[in-house]
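Hello,

Here is the structure I promised to pass on. Please open it and keep it beside you while you read my notes.

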Amino acid sequence: MRSESLQLPVPSLAEREQGAALSTRIGAEIDRRDGFLPFDEFMRMALYEPELGYYNTTSEKFGPAGDFTTAAELGDLLARALVAWANELFGDLERPAILELGAGSGALARHVLEAWARHGREHIAYRILEPSASLR
């Protein structure tokens with residue numbers, strides 16, 4: 001791919017200001033910790049810092065208007081594969097349970113529940129742990 005054909009969107013002034021505020025907050029945390037911030041803490045701040053982290057902003061995240069897409073956004077193939085595997089794993093459990101971490105738009109949850117019903121198993125405890133306030 002030729003580099004001149006790659007055109008990334010230019011962040012708005014508000015987005016640049018938000019990024020600068022997040023950078024300042026992360027920098028202050030690094031200073032507070034004498035120059036060391038573990039990677040997991042850096043990522044938590046970058047993604048989930050209240051009002052500044054990527055997943056806690058109001059910008060569109062998924063699909064054509066967003067920054068990226070996931071397999072679950074494109075269709076139900078991932079969900080069907082997961083359910084086929086889980087159906088064997090769960091065997092004869094009356095009420096199996098699934099916990100999805102970071103469900104985003106909820107597309108995977110919807111596809112899993114639809115695929116689960118097609119397997120004739122309508123009873124499932126499906127829980128979502130979504131750390132992003134704006135996506136909950």
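Predicted model: local features only at pLDDT ≥ 70, side-chain atom pairs only at ≥ 80, totals over all residues.

Now look around H1. Leu-22, Ile-26 and Glu-29 are buried there. They cover an arc of only 55° around the axis, so they sit on the same side of H1. An α-helix has 3.6 residues a turn, so residues three or four places apart point the same way. The buried residues of H1 pack against helix H2 (39–48). The face turned away from that buried side carries the exposed residues Leu-13, Thr-24 and Asp-31. After H1 comes Asp-34, with a positive phi near 55°.

Next, the strands. In E1 (residues 97–101) the side chains alternate. Ile-98 and Glu-100 point to one face and are buried. E1 runs parallel to strand E2 (residues 125–129), and 5 bridges join them. Glu-100 has Ile-128 as its bridge partner in E2. Together with helix H5 (residues 107–118), E1 and E2 make a right-handed β-α-β unit.

Last, the rings. The whole structure holds 4 aromatic pairs. One of them is Tyr-54 with Tyr-55, edge-to-face, 4.9 Å centre to centre and 80° between the planes. Tyr-54 is partly exposed, at 24% relative accessible area. Tyr-55 is buried, at 17%. Tyr-48, Tyr-54 and Tyr-55 form one aromatic cluster.

Best wishes

Note on methods:
Residues numbered from 1 in each chain as written. Heavy atoms only, no water. Phe/Tyr/Trp six-rings, centres within 6.5 Å; stacked < 30°, edge-to-face > 60°. Buried < 20%, exposed > 50% of the residue type's maximum accessible area, 1.4 Å probe, protein only. Helix = DSSP H or I, 4+ residues; strand = E, 2+ residues; numbered from the N terminus. Pairing = 2+ DSSP bridges. Right-handed = clockwise from strand over helix to strand, strands pointing away. Arc of directions from axis to C-beta. Contact = heavy atoms within 4.5 Å.
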